[in-house]
Amino acid sequence: MSVRTDEEVSGGVPRRPSRPRRLLRGPRPEAVPLLVGRACALVGLLDIAAGVFPRFRHSRMHTLAEVLPGALGPFAAALSLSAGVLLLLLAHGLKRGKRRAWRAAVTLLPAGAVAQFAYHHSLLGAVISLLLLTALLRHRDQFAALPDPRSRWRALANFVLMGAGSLALGLVIVSAHPRTLVGNPSLAERITHVLYGLFGFEGPVDYRGTTSWTVACSLGALGLLTAITTIYLALRPEHPAARLTEEDEARLRALLDKHGGRDSLGHFALRRDKAVVFSPSGKAAVTYRVVSGVMLASGDPIGDVEAWPGAIERFMDVAKAHSWTPAVMGCSETGGEVWTRETGLDALELGDEAVVDVVDFSLAGRAMRNVRQMVKRIERAGYETRVRRVRDLGDAELDRIRRAAEDWRGTDTERGFSMALGRIGDPSDGDCLIATAHKQDDRPGPYSDLKAVLHFVPWGIDGASLDLMRRDRSADRGMNELLIVAALQAAPKLGIARVSLNFAMFRSALARGEKIGAGPVLRAWRGLLVFLSRWFQIESLYKFNAKFRPRWEPRFVVYRASADLPRIGLAAMQAEGFVNFALPLPRPLRRRTTPARPCAHATTDTTIRTA
């Protein structure tokens, strides 16, 4: 693939290429990997059925299944079961064109052909295995995807999933022989028999004839398979996900110093759990994280807009090399145009970002009455606010703010990805803003008089972008409104002309759906969003942002195909911290001096930049 140079664009926005650049459209499963993966999955299911159900082993369907790769004999239930599970494990990797899965299949297929001929004397089964092997060797260039990032936590996940699957499949095996079953064992006895069988011991369930041996072999094979795959994943070398190096961060900061005013999300590219690709000239970059096989970028590319195509092309090259699904969360309209123009991807409006122009902000007027009254009430209660740069705070106070923000987080995992920095008070983030609320109490809490914290990151030289909002739940309602107003009023003295607040997902649907004349479809869509707001910050973020009379800037998700949207959505929720499939580590217990009160808003104790 030819690399496009930065000189091919001009005029501030990349010009439209003379012909569609389909080579950059993204990693699409080719016909051979897709067919091979589906064939492996189908044969795996047939082999599992042949190993579990005795009637299936003597049916006409098994006559067809036994000549397919993996079926080593009409009565070899354990081998058939093991082969089916292995084929199912390989199927996903083959569909994605993974090189390791291809190597495993190329190694197993000749052994399968030999086994077919030696054990079953099936020439047709051996021929099918060799034909599939020939197809894999002929199209080996389509199985070149590099492995995904991995760690030894994958071994624990494999043990849990394979163990649960083996337990469920074992219950089916134990219950699949009603004619030879002795007595009527209870569910507890069946589960006990499965657990004993997975470890190679005899359980309380008994059968007549040779069925006991068949069930024992099948359960033992499942247990052995679980153990072998777990040990393999635990002992193989780690391939950790890419992270920002000190050199990468320095280069990104240099680009932000020159071009950071273009995108309010630019500073969030400095999250250290992201990776980065640079354009050939080094004048632009795209940061990303890989989640569940989805390569997620966030915001617009960093740097000179004329160099964006080079960075985007590098991004797509990495996605293709690993067979990852490319996606961009929260890019601007200009960024969406460049992404779709350069790659052939599609864009969908995701929501709107609330931006307040400091010169236009005022508490005067009827529209601001609720905010004005809330702020005055809190000030009369004895609260005071301070808005300062991080570099102007002492180490002791910064440490107190960090500990308070951690304690007030409200969730076990840190939320945020595309619109969160993930740290407070780092020495390299001296230009960040911290707004704090204080109140002197007769009995000070663990953080003295500190009651609430807002953290802003730089947006160029004259802007700030809200990162997180945290408050002590024992504090009065309205802490967030108080600190946002304080930050906006202090902004002119700090040289800040614009402040980006929260991102409101599906804001336009919520706004139009509540207006008179809205159609039934729009009202139904709004009703669904309101219903989902019970668990996600959708309507609450929109209403909270609207209090400050902002202007709304649309944000988009860029994706390859509509079929990828559910997967991208799940990956985005994982990245943002709303869905967590990992085992959570226990947080240290902390003593609270006062009982927690219910939140005034759904957005008061979490990072609410996220959608």
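# Close-up views of a predicted model

View 1. Helix 13 covers residues 369-380, a run of 12 residues. From its first C-alpha to its last it reaches 16 Å, close to the 16 Å expected at 1.5 Å a residue. That expected span is 1.5 Å times one less than the number of residues in the helix. Helices (H or I, at least four residues) and strands (E, at least two) are DSSP runs, numbered from the N terminus.

This is a predicted model: local features need pLDDT of at least 70, side-chain atom pairs count only at pLDDT 80 or more, and totals for chains, interfaces and linings use all residues. Residues are numbered from 1 along each chain as its sequence is written, and side-chain values use heavy atoms, with hydrogens and water left out.

Which residues of helix 13 are buried? They are Val-371, Val-375 and Ile-378. They cover an arc of only 65° around the axis, which puts them on the same side of helix 13. The arc is that of the directions from the helix axis to the C-beta atoms. An α-helix has 3.6 residues a turn, so residues three or four places apart point the same way. Asn-370 and Arg-380, on the other side of helix 13, are exposed. Buried means under 20% relative accessible area, exposed over 50%, and partly exposed in between (1.4 Å probe, protein chains only). Helix 15 (479-490) is included in what covers the buried residues of helix 13; contact here means heavy atoms within 4.5 Å. Just after helix 13, Gly-382 takes a positive phi of about 105°.

**View 2. An edge-to-face pair, Phe-506 and Trp-525.** How many aromatic pairs does a search of the whole structure find? It finds 6. Rings of Phe, Tyr and Trp (its six-membered ring) pair if their centres lie within 6.5 Å; planes under 30 degrees apart count as stacked, over 60 as edge-to-face and the rest as tilted. Phe-506 and Trp-525 form an edge-to-face pair, 5.3 Å centre to centre with 75° between the planes. This pair links distant parts of the chain, 19 residues apart. Phe-506 is in the loop between strand 11 (498-505) and helix 16 (507-513), and Trp-525 is in helix 17 (residues 520-532). Phe-506 counts as partly exposed, at 24% relative accessibility. Trp-525 is also partly exposed, at 33%.

**View 3. A tilted pair, Tyr-542 and Trp-552.** The ring centres of Tyr-542 and Trp-552 are 6.2 Å apart, with 45° between the planes. Tyr-542 sits in helix 18 (residues 539-546) and Trp-552 in strand 12 (residues 551-559), 10 residues apart. Tyr-542 is buried, with a relative accessible area of 12%. Trp-552 counts as partly exposed, at 23%.

**View 4. A ring cluster and two charges over rings.** Ring pairs join Tyr-288, Phe-315 and Trp-339 into a cluster. Arg-251 lies over the face of Phe-278, 3.7 Å from the ring centre. Arg-498 lies over the face of Trp-459, at 3.9 Å from the ring centre. A charge sits over a ring if NZ of Lys or CZ of Arg is within 6 Å of the ring centre and within 35 degrees of the ring normal.

**View 5. Cysteines.** A search of the whole structure finds 0 disulfides, that is, pairs of cysteine sulfur atoms within 2.5 Å. Cys-331 is buried, with a relative accessible area of 0%. Cys-432 also counts as buried, at 1%.
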